Structures are given as structure tokens and as C-alpha cells.
Amino acid sequence: MIEYRNRAMKVNSMSEIAIIVQQERKRQGATQIELSQMANVGVRFLRDVEDGKPSVHFDKLMRILEVLGVSVDLTPRGVEAR
């Protein structure tokens, strides 16, 4: 589950995360360069995330989400999310 804009969302793919990252970055008025600097990641990496590249470094992705104020909760299958 991803907490996005005060609601939990079930996410099943990197492309869904990509949409959230891009929408939230734009909503906050940040450019890719600005967000990449704030999250201490390369612009190319951020572009890969926003393009939905399925194999990105999780720790870098988490830095981007943290800067955007998006949290991630992992729930085992078959267990209802809180």
C-alpha cells in the first residue's frame, strides 16, 4: 500500500508508482532536476522511475517517495491492510 494524498492505494506495478511520483512532483511544482537534487539521486534515475522502469534501486526510490511525502506499507497477500 502506498499512502498518497491522505489515502491508501494498492499498487501492483512500477508503472503505477511512476504515475504517483510524476503527479506528486508536478503537484508540488518541482522539476525533475529539483526533485532529483532534493532526493540525492541522479536526474536519469528519476526519469527512469517516472518512465516506470521495473528495475530501479529500492533505496533510491524510497528517497524520492520520502521527499514527496509518500509513504509505503507492505502487507502480505491475504492480509487486509490497516
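Predicted model: local features only at pLDDT ≥ 70, side-chain atom pairs only at ≥ 80, totals over all residues.
**Entry 1: ground rules**

I number residues from 1 along each chain as its sequence is written, and my side-chain values use heavy atoms, with hydrogens and water left out.

**Entry 2: helix α1**

I started with α1, residues 14-27. Helices here are DSSP runs (H or I, at least four residues), strands are E runs of at least two, and both are numbered from the N terminus. I checked the length of α1. Its 14 residues, at 1.5 Å a residue, should span 20 Å, and the end C-alpha atoms are 20 Å apart, so the two agree. The expected span is 1.5 Å times one less than the number of residues.

Which residues of α1 are buried? I found Met14, Ile17, Ala18, Ile20, Val21, Glu24 and Arg25. They cover an arc of only 165 degrees around the axis, which puts them on the same side of α1. Buried means under 20% relative accessible area, exposed means over 50%, and partly exposed lies in between (1.4 Å probe, protein chains only). The arc is taken from the directions from the helix axis to the C-beta atoms.

I also looked up Ser15 in α1. Ser15 has a relative accessible area of 42%, so I logged it as partly exposed. Ser15 is 47 residues from Met62 in sequence, and their C-alpha atoms are 15 Å apart. After α1 comes Gly29, with a positive phi near 75 degrees.

**Entry 3: α1 against α3**

Next I took α3, residues 43-50. α1 and α3 pack at about 120 degrees, with axes 7 Å apart. That makes α1 oblique to α3. Under 35 degrees counts as roughly parallel, over 145 as roughly antiparallel, 65 to 115 as roughly perpendicular, and the rest as oblique. Axes are lines fitted to C-alpha atoms, for helices over the stretch in contact, and angles run from 0 to 180 degrees between N-to-C directions.

Who meets whom? Met14, Ala18, Val21, Gln22 and Arg25 of α1 meet Leu46, Val49 and Glu50 of α3. Contact means heavy atoms within 4.5 Å.

**Entry 4: α2 against α3**

α2 and α3 pack at about 110 degrees, with axes 9 Å apart. They are therefore roughly perpendicular to each other. From α2 I listed Gln32, Ile33, Leu35 and Ser36; from α3, Val43, Leu46, Arg47 and Glu50.

Asn40 sits in the loop between α2 and α3. Its phi is near 60 degrees, a positive value in a residue other than glycine. Is Asn40 buried or exposed? At 62% relative accessibility, Asn40 counts as exposed.

**Entry 5: helix α4 and beyond**

In α4, residues 58-68, I found Leu61, Ile64, Leu65 and Leu68 buried. Seen down the axis, these buried residues fall within an arc of 95 degrees, so they line one face of the helix. What do they pack against? My list reads α1, α2, α3 and β3 (71-72).

Just after α4, Gly69 takes a positive phi of about 80 degrees. I then looked up Ser71, in strand β3. Its relative accessible area is 33%, so Ser71 is partly exposed. Ser71 and His57 are 14 residues apart along the chain, and 16 Å separates their C-alpha atoms.
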